[in-house]
Amino acid sequence: MANTNLGNAKTAKNDEFYTQLADINKEMQAYLDYNPEVFRDKTILLPCDDPEWSNFTKFFALNFQLFGIKRLISTSYAPDAKKAKYGIEPSLFPEEEHDPKFDPSKWQTRGKIFILDRDGNGDNRIDIDDLQWDYLNGDGDFRSKEVTQLRNEADFIITNPPFSLFREFLKWIMDGGKQFSVIGNMNAITYKEVFPLIKNNRVWLGGTGFVSDMVFAVPEGAKIKDSDRQKAARLGYIGNYTRLGNSCWYTNIEHGKRHQPLSLMTMADNIKFSRHNDIRGKEYQKYDNYDAIEVPYTDAIPSDYDGIMGVPISFLDKYCPEQFNITGITKTWFGGACKTYPEQTQISKDGKESTVTKLNDGATLVLDTPPENETYYKVDGKLYSQVYARILIQKITTS
Ligand SMILES: C[S@@+](CC[C@H](N)C(=O)[O-])C[C@H]1O[C@@H](n2cnc3c(N)ncnc32)[C@H](O)[C@@H]1O
């Protein structure tokens, strides 16, 4: 198996980010800590992978026997398909041409399949050296019949799919009714295709949590922000790496972290002792257009409030389904607002006024006075601010 040669990309597309071993290890360990037998006798499919250099393939192949995996299948998307979509020039691995299976008529247009399920080289171990590969019949698109058939045969789907196809990818997994663990952008939480799955506890966040930056390898020559390259370097990844602070794991595999309830103070204690200046000494405010109170920080959720509370999406990192119910999200597509505003005037930070309708897409707070350095809105002479997307939650009361 070759090490790293990511081809000659002209530009870095979000879809060509390659996951690091440490991040995969951390997340999979969360599932293994909860259930050491989680992968035993299971078939694991790693689609949207590049098995020649993928750390997903490497991780599961190296741990094949330890985890007791039955079958590991990894598929890649053809170089020509990448070129058409992302401008990635097809590139050969140094040893690819010398592989007896190499076929010049197929290598650019066909995806590849790597399978590990036996000791192929007779060294009495099943490991990375026993991976067998072949060309797929098609380009390896996860939506193809061929890869969908592999999905149907698998127990687990694990990968970092192309971010631009995240909605479609998650639907593809859910349609197959599979267990999965995939990396996505945090903002996907608010998508109408994703949030209902989270609300109904069919999908949750992985064990890694939001706090850690994930580092990704990018193709040679990729354009990435200097600040992200430097941040990756500070984390020990020097060269063609970037860091994304807004990615997380989505899964339906059990892990212990999601069953640890948050330790919280009462409302009175928050008002007395909160470390947040905008909570200490203030009242929790009710939204003007939702029947809920605004709680801008997860650690300021009052333990003794029985009504509905609007919390930041980062709450999901600490969400314990035995402690809270998720009742909604403050997005228009979800519904649930108790009022619709007529025409609004938006006053931006620099004082510029414009007529907008966006006050209806989110929770609002009534203001007594115009805020400094913040956008606000005027409707029929009343002033409002709009808070970021909030998840609506309610404490589970045990009688
Ligand atoms: C974010 S990268 C991650 C690659 C690898 N799973 C990893 O984490 O290192 C997504 C991969 O999906 C591939 N891809 C893009 N569109 C695809 C599609 N429609 N079907 C399958 N794979 C696709 C990309 O070429 C890329 O290799």
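**Exercise 1.** How many bridges join strand 20 to strand 21, and in which direction do the two strands run relative to each other?

*Solution.* In this predicted model, begin with the pair itself: strand 21 covers residues 382-386, and three bridges join strand 20 to strand 21, the two running antiparallel. Next, look at the turn between them, where the hairpin of strand 20 and strand 21 has two residues between the strands and aspartate 380 takes a positive phi near 50°.

**Exercise 2.** Find what stands opposite lysine 378 of strand 20 in strand 17 and in strand 21.

*Solution.* Start with strand 17 (residues 344-347), which is joined to strand 20 (residues 376-379) by three bridges in an antiparallel arrangement. Within this pairing, threonine 345 stands opposite lysine 378. Then turn to strand 21, in which leucine 383 is the bridge partner of lysine 378.

**Exercise 3.** Describe how domain 1 and domain 2 are placed and where they touch.

*Solution.* First set the bounds, with domain 1 spanning 8-259 and domain 2 spanning 284-399. The centres of the two domains, taken over C-alpha atoms, are separated by 36 Å. For the contacts, count residue pairs whose C-beta atoms, placed from the backbone, lie within 7 Å; on this criterion 13 residues of domain 1 are in contact with 13 residues of domain 2. On the side of domain 1 that touches domain 2, helix 7 (residues 195-199) gives the most, with three residues. Finally, classify the residues of that side of domain 1, which divide into six nonpolar, four polar and three charged.

Methods
Residues numbered from 1 in each chain as written. Predicted model: local features only at pLDDT ≥ 70, side-chain atom pairs only at ≥ 80, totals over all residues. Domains from an automatic or database assignment. Contact = placed C-beta atoms within 7 Å. Helix = DSSP H or I, 4+ residues; strand = E, 2+ residues; numbered from the N terminus. Nonpolar A, V, L, I, M, F, W, Y, C, P; charged D, E, K, R; others polar. Pairing = 2+ DSSP bridges.
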